[in-house]
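Thank you all for coming; I would like to walk you through one model this morning, slowly and one part at a time.

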Amino acid sequence: MKNSKNEQIALSEELDFKVKTKAKRRRGAADLAKCAVFVSLMIVSAFINIPFYPVPLSFQTVMAVLAGLLLGPFYGTAAVGIYIFMGIVGLPVFTKGGGFAYVMQPTFGYILGFAAAAFVAGLICRKDKITVRRALLAGSAGFFVNYLIGIPYFLLIWHFYMHNGGVWQAAVTYNLLYMPKDFVLCLLAGFLVLRIRPLLDRLR
């Protein structure tokens, strides 16, 4: 009788372990699938440019922030990191192509900043319950981190590698003018996540 009870306990523990392992594999597969989706979105958004005043609308910054908000700091950064790796090895996934020489493009700092933006946004919103304040803070933080890396990189390449003058004018024309629209888009991403993430959690 005692042996039979022990066998039942062992069988129950083995079944529980198999169920948990299977669920973990499914979650892992779902997370990888979402990573693949965001890699695709990063590629597509590199080539979307909608005419707008005073600067065209582009969506890579907000896609990177969304990756962090929806996938978390690690999977979100992984998705953006895969996108960056694809471009560096030569795939034409960046706005002007790809290849290692792209690191000398003035805008490459923003590409690096996408990974940092995804990580910071995901880190702030990694808790299960997302509030409006936390979502907006995460979107704002991702935006600022991206520009914190992108602007100095741009100006260094512009001045020291390309030997151009007019540093302040370049900072305004090619960087600062884009900040308001990216900031608004990142705030909208925070609001969007409030609706989408609960649905994703239920599906999980």
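Predicted model: local features only at pLDDT ≥ 70, side-chain atom pairs only at ≥ 80, totals over all residues.

Let me start with α4, which has 30 residues and reaches 43 Å from its first C-alpha to its last, close to the 44 Å expected at 1.5 Å a residue, where the expected span is 1.5 Å times one less than the number of residues. Helices here are DSSP runs of H or I with at least four residues, numbered from the N terminus.

Residues are numbered from 1 along each chain as its sequence is written, and side-chain values use heavy atoms, with hydrogens and water left out.

Within helix α4 we find S140, which counts as buried because its relative accessibility is 15%; buried means under 20% relative accessible area, exposed over 50%, and partly exposed in between, with a 1.4 Å probe and protein chains only. Leaving aside neighbours within four places in sequence, S140 is in contact with F183 and L187, contact meaning heavy atoms within 4.5 Å.

Just after α4 comes H163, with a positive phi of about 55°, in the loop between α4 and α5. At 63% relative accessibility, H163 counts as exposed.

As for F94, its contacts beyond four places in sequence include Y83, F108 and I111.

Which element gives the largest share of the lining of the largest pocket? That is α4, with 4 residues. The pocket holds about 710 Å³ of space, and of its 29 lining residues, the closest to its centre are S58, T95, T107, Y110 and Y178. The lining divides into 16 nonpolar, 10 polar and 3 charged residues. A pocket here is an open set of points on a 1 Å grid where a 1.4 Å probe fits, with protein on both sides within 12 Å along at least five of seven lines, and lining residues have an atom within 4 Å of a point.

How values were computed. Points joined across faces, edges and corners; volume = space filled by probe spheres on them. Helix = DSSP H or I, 4+ residues; strand = E, 2+ residues; numbered from the N terminus. Nonpolar A, V, L, I, M, F, W, Y, C, P; charged D, E, K, R; others polar.
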